[in-house]
Amino acid sequence: MEVGGSSESPSETKKSKSKTPRKTKDAAQTLKQKSPAEFFADNKNIAGFDNPGKCLYTTVRELVENALDSAESIAELPIIEITIEEIGKNQYNSMIGLADHGRVDEALYDDFETVKAREKRLAKEARIQENQAKSAALGKKGKAATAVKPIKSRETSYYRVSCKDNGRGMPHDDIPNMFGRVLSGTKYGLKQTRGKYGLGAKMALIWSKMSTGLPIEIFSSMKGQSYSSFCRLDIDINKNIPHIHVHEKRKNEAGWHGAEIQIVIEGNWTTYRSKILHYMRQMAVITPYSQFLFKFLSGSPDKNVTVRFARRTDIMPPAPLETKYHPSAVDLLLIKRLITETSKQNLLQFLQHEFVNVGKSHAERLIGEMGTDFSPKMAVKSLTSQQIVRIHQLFRQAKFDDPSGDCLSPAGEYNLRLGIIKELHPDMVATYSGSAQVFEGHPFIVEAGLSLGGKDVKQGLNIFRFANRIPLLFEQGADVVTRTAAKRINWNNYKINQTQDKIGVFVSIVSTKIPFKGTGKEYIGDDISEIVSAVKTAIQQCCSQLKSKIVKRIQAREQQERKRSLNKYIPNATTAIYDILKEMSRAHALKKRRYDGKDAELLKQVSAQLVTQETLREKLAQHVEQVDYEMAMEYATQTGVNEEPREEIYIPPLEAECSFTEFHSPIFVFRLFN
């Protein structure tokens with residue numbers, strides 16, 4: 001008899017039930033690990049490698065920023081050449097040793113068009129042309145219909161990206177690990193850096209391996225070396241180690257120093273062309289001391305692009321300095337790591353030398369507050385987990401002096417102003433650099449620039465954002481700069497029309513820790529009150545500077561308008577006055593009416609043609625000029641001599657043998673030659 005409608009035998013039921021636990025047990029016993037390279041290969045969008053177009057953009061950005069860091073590290077004015085060369089399918093196949101192969105089964109491809117689909121498309125195109133002809137015959141202006149396009153093949157595009165600089169170069173033996181081992185580099189530590197993850201060109205190499213399978217090529221030579229290094233390598237994704245093809249030393253007869261990196265990747269120049277050029281332009285704004293040469297080379301010469309961003313100054317910001325951690329910015333894990341790495345023996349020395357703004361007396365007071373289990377001479381390596389927690393708790397509650405901004409390297413008002421003028425050619429520009437402020441124990445400095453007018457600037461707000469002197473181009477709407485400029489600034493108070501004027505808003509934030517939001521690290525949120533306040537203040541300071549210039553311009557325009565109006569009525573006024581004088585002189589001559597003194601003398605001159613209509617016109621014009629001059633003098637007296645127009649002066653680059661002393665001001669640099 002069957003129970004519950006089941007027809008299975010007891011033995012079959014037992015067998016089927018016994019399979020599931022065994023499978024679960026096997027799955028539970030399987031433990032897998034991922035190398036850092038494998039993790040970023042699987043999650044490449046975190047590093048900005050979302051799609052082929054974004055991958056091309058991010059590769060260019062990473063190579064350019066590495067080149068800038070390399071040149072600035074040896075105080076060398078950067079000279080950087082970036083080339084993107086389009087590689088056709090046949091050329092790519094030849095590079096990887098793949099023979100060309102024609103299509104055999106056309107229907108297998110996504111751009112295949114069936115006979116029925118082709119007939120349907122052609123019929124639709126014919127109807128469109130017929131309707132357009134009828135409309136033209138009736139004299140009607142019909143809408144320009146878009147022709148039905150045939151299906152396009154999703155052909156992959158390949159590009160060779162190369163970047164050459166005049167920087168430090170790389171030690172010969174370190175090159176494989178610097179490019180072929182993820183999360184290894186020279187930028188780690190508490191310091192203002194351009195990098196976001198420390199990936200640099202490593203992520204570009206991972207994308208190259210995923211999309212083309214071709215290795216990266218590195219040429220490098222350090223200053224004073226008689227040889228240059230050449231290395232061709234790719235990366236073992238699973239083991240996170242470099243796979244070296246060639247690593248050799250070559251003669252360096254030219255004495256060149258720097259690095260040249262070449263990599264072949266899949267990309268999309270068409271969709272990201274504007275982003276890449278916009279990035280290069282903004283980089284030229286924030287680093288006017290750099291010289292960039294950008295080239296795009298295509299199979300069609302008419303599609304080639306060459307843009308040169310010339311150097312405008314040779315004043316470079318100082319290199320950022322590595323600093324110590326602020327006690328309020330550390331966590332338990334970091335305290336444990338510092339204890340492991342420290343060379344200090346006792347707790348007092350550890351607190352003094354591993355943290356910023358903790359002097360000897362302050363450290364002794366902190367140790368006294370920790371409790372009886374702590375003493376200044378106790379071995380720091382012997383601290384228990386509970387004692388480390390107590391230190392962390394005290395760090396969170398105690399009061400410490402804010403860290404200074406001496407370790408930071410902002411662009412500077414001088415460079416920011418030069419960059420804006422060089423690239424945008426605005427009618428007016430103002431800059432401001434704030435003092436160092438602190439959030440969560442990390443110092444930061446906000447610099448701002450504001451421009452009106454200029455070339456290639458749209459009406460309304462044009463936001464240019466920089467973090468640690470690199471441009472941020474994506475996710476602009478959620479950024480603190482965009483929201484502050486759009487919602488927290490009353491532009492009308494500064495005589496600026498937010499919708500009609502061409503406004504350029506430039507804000508640069510530098511810090512030992514940029515509080516990026518999102519996995520892509522493309523914007524700074526507006527939830528940190530200290531940064532919001534600093535950004536708003538910086539923009540308002542620039543607005544105040546421009547307001548005085550705008551008011552002067554308005555007053556000058558009104559003055560010119562008054563002068564123009566008066567000059568416009570001079571001919572009519574002259575004619576009317578001269579006609580009256582002639583009637584008066586005629587009456588005076590016929591003795592119908594007598595005039596005495598100066599009036600009689602004037603009428604005699606009119607009768608004798610000594611005073612003519614042209615004489616009156618000249619006198620009235622002179623009077624208008626005199627009134628205009630007196631008003632200008634009165635305005636200059638009220639506003640003071642310091643408000644006179646100033647002319648921008650740019651210092652050209654000098655040869656190395658020139659000896660001089662510099663005196664720095666926020667907006668200019670004075671050089672005294674020895």
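How many helices and strands does the chain have? The chain has 17 helices and 18 strands. Helices (H or I, at least four residues) and strands (E, at least two) are DSSP runs, numbered from the N terminus. The model is predicted, so local features need pLDDT of at least 70 and side-chain atom pairs count only at pLDDT 80 or more, whereas totals for chains, interfaces and linings use all residues. Residues are numbered from 1 along each chain as its sequence is written, and side-chain values use heavy atoms, with hydrogens and water left out.

Of the 674 residues, 41% count as buried. Buried means under 20% relative accessible area, exposed over 50%, and partly exposed in between (1.4 Å probe, protein chains only). The chain exposes about 38300 Å², by the Shrake-Rupley method with a 1.4 Å probe. Carbon and sulfur atoms supply 50% of that area. Among contacts (heavy atoms within 4.5 Å) with a separation of 6 or more, 74% are between residues 24 or more positions apart.

The largest nonpolar core holds 69 residues. Such a core is a set of buried Ala, Val, Leu, Ile, Met, Phe, Trp, Tyr and Cys residues joined through side-chain atoms within 4.5 Å. I82, I84, F179, I218, W269, F292 and F294 touch the most other members. Helix 8 (residues 269-286) gives the largest share, ten residues. Beyond four places in sequence, I82 touches residues including V60, V64, M280, F292 and F294. A second, separate core of 36 residues includes F439, V481, I528 and C542.

N415 lies in helix 13 (residues 413-424). N415 counts as buried because its relative accessibility is 2%. Leaving out residues up to four places away in sequence, N415 touches V285, P288, Y289, T313, I315 and P317.
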